Amino acid sequence: NKIFGASTDGCGTKLDLANKFGYLDKIGIDLVAMNVNDLIAGGCKPSIFMDYIAIDKMDNERCNKIIKGIVDGCKIANCVLIGGETAEMKGIYFKDKLDLAGFAVGEKIHSFPDKNLIKPGCLLYGLSSSGIHSNGYTLIRKLLDKSKNPFDIKKIMCPTKIYTELLELYKFYGDKILGVAHITGGGFTDNISRIIPDSCSFKLTDWEFSDVFKWIQNESNMTKEQMLSIFNCGYGIVLITSEEINVGDNIGYIL
């Protein structure tokens, strides 16, 4: 019997910056990524994708740019865009505002071992992110408005990485991978905690933030712990393994 997984997500207020700064042709990649990364982290291989665009007044040029990005994202994820819906909702959305949602389905190709096999001494490995991905942009929008040291908008808008490489790691490392967390809203704190037993906690090692996360921290005056509870800070996926494996960066361990 085949088992299928499904996911649904948007790309948050990053969409507002894409609309403002001319990145609507890339934001579709983020939309696909936020959905398929959840699927892949759950051991599923993405197969189909659908989109939903809600807009105040129909604008073919803007909608076509968004759909171009969605098509590009589906190519990276190796899944098929089978359809979508565009809704004109004047009076619900402010002038020139819009929202996106995505829906993905995939077949389960990897079943993780029993969660209770995660115990003190297990290792955490991080797979690098492409940047901020699609979380924390309500704060970033505020920082951009008030900052006297504006950061490169191209780096701020870099599309979310799509982690198809995980599908190969499942084949190669099998039962050594005990769990996978997609580091989205809630950062490391929430996303790792929900896949480990209640009796366990975890410790992250120290790493130097890349320039974009240093900028966020400097402009917001947040502590490192606060940063790690909101942003991916350089690692978009965390694997929990039973032993050392040759993948990504070793960034912590289970306590």
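The following dialogue sets some values computed from this predicted model against the definitions behind them.

Mentor: Residues are numbered from 1 along each chain as its sequence is written, and side-chain values use heavy atoms, with hydrogens and water left out. Because the model is predicted, local features need pLDDT of at least 70 and side-chain atom pairs count only at pLDDT 80 or more, while totals for chains, interfaces and linings use all residues.

Trainee: Why is Cys233 called buried, and what is Cys158 called?

Mentor: Buried means under 20% relative accessible area, exposed over 50%, and partly exposed in between, with a 1.4 Å probe and protein chains only. Cys233 has 1% relative accessibility and therefore counts as buried, whereas Cys158, with a relative accessible area of 26%, is partly exposed.

Trainee: Where do Lys14 and Ser199 fall, buried or exposed?

Mentor: Lys14 is at 0% relative accessibility, so it counts as buried, while Ser199, with a relative accessible area of 69%, is exposed.

Trainee: What makes the pair of side chains of Lys14 and Asp30 a polar contact?

Mentor: A polar contact is a pair of N or O atoms within 3.5 Å; within protein, one must be able to donate a hydrogen and the other to accept it, and residues adjacent in sequence count only if both atoms are side-chain atoms. The side chains of Lys14 and Asp30 make such a contact at 2.9 Å.

Trainee: Why are β6 and β7 said to stand at the edges of the sheet?

Mentor: Strands are DSSP runs (E, at least two residues), as helices are (H or I, at least four), numbered from the N terminus, and two strands pair if DSSP finds at least two bridges between them. Five strands form an open sheet in the order β6-β8-β5-β9-β7, with antiparallel pairing; β6 (177-182) and β7 (202-204) each have a single partner strand, so one side of each is left without a neighbour in the sheet.

Trainee: How do you know that β5 and β9 pair?

Mentor: Four bridges join β5 (residues 123-128) to β9 (residues 249-254), which run antiparallel, and the definition asks for at least two. Within this pair, Asn250 in β9 is the bridge partner of Tyr125.
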